[in-house]
Amino acid sequence: MDMNPYLTFPGNCAEAMDFYAEVFGGHIEFIQKTGDSPMAGKMGPENDGKILHARLRIGELTLMASDAIGMPYEPPRGITVQISFDDMEKARRVFRRLAKHGETVMEFAPTFWAAGFGMCRDRYGIPWMVNCDTVRED
């Protein structure tokens with residue numbers, strides 16, 4: 001069994017996935033535009049160039065995404081993508097990259113449960129929690 005986040009974007013999925021590949025050091029395994037799919041003629045001109053499906057591999061993790069097709073886009077509500085690191089500098093660096101041009105909800109800092117934790121909404125509107133599982137040294 002495998003469980004992966006599947007993100008939806010309002011038309012900038014390819015840009016977002018390139019950004020995440022750079023931030024997390026992953027690589028895009030698959031990306032398909034609507035016009036390159038067997039459904040190309042049935043998608044409507046308003047969906048030309050949109051991403052039907054993308055898959056980003058980050059080590060053993062998979063992040064999937066698409067543009068909102070056939071439905072109005074709604075920003076994420078009630079869900080956050082959480083990622084944990086055991087390297088404090090990497091966690092801090094990833095948090096800064098995600099938060100840049102986005103919104104910091106909680107600064108990356110020590111907490112009672114972790115050496116570092118922060119919450120942000122990135123430039124694409126995706127909410128993130130970045131956690132460093134290294135044991136706190138008080």
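## Salt bridges

Search this whole structure and you find four salt bridges. Keep in mind that you're looking at a predicted model. Why do such pairs turn up at all? Side chains of opposite charge can pair when their charged atoms come close.

Let's start with Glu22 and Arg97, whose side chains meet in a salt bridge at 2.9 Å, N to O.

How open are the two partners? Glu22 counts as exposed because its relative accessibility is 55%, and the cut-off for exposed is over 50%. Arg97, at 29%, counts as partly exposed.

Now head over to the strands. Arg55 in strand 3 (residues 51-58) and Glu29 in strand 2 (residues 27-33) are 26 residues apart, yet their side chains meet in a salt bridge (2.9 Å, N to O). Glu29 also has a salt bridge with Arg57, this one at 3.5 Å, N to O. Arg57 lies in strand 3 too, so that pair ties together parts 28 residues apart in sequence.

As for accessibility, Glu29 is partly exposed at 36%, Arg55 is partly exposed at 27%, and Arg57 is partly exposed at 26%.

## A nonpolar patch

Charges aren't the whole story here. Val105, Met106, Phe112 and Trp113 make up a nonpolar patch on the surface, and together they have about 470 Å² of accessible area. One of them, Val105, belongs to strand 6 (residues 103-109); with 51% relative accessibility, Val105 counts as exposed.

Notes:
Residues numbered from 1 in each chain as written. Predicted model: local features only at pLDDT ≥ 70, side-chain atom pairs only at ≥ 80, totals over all residues. Heavy atoms only, no water. Patch = residues over 30% accessible without salt bridge, like charges linked within 9 Å, V, L, I, M, F, W, Y side chains within 5 Å. Areas by Shrake-Rupley, 256 points an atom, 1.4 Å probe, with all protein chains shown as cover. Helix = DSSP H or I, 4+ residues; strand = E, 2+ residues; numbered from the N terminus. Buried < 20%, exposed > 50% of the residue type's maximum accessible area, 1.4 Å probe, protein only.
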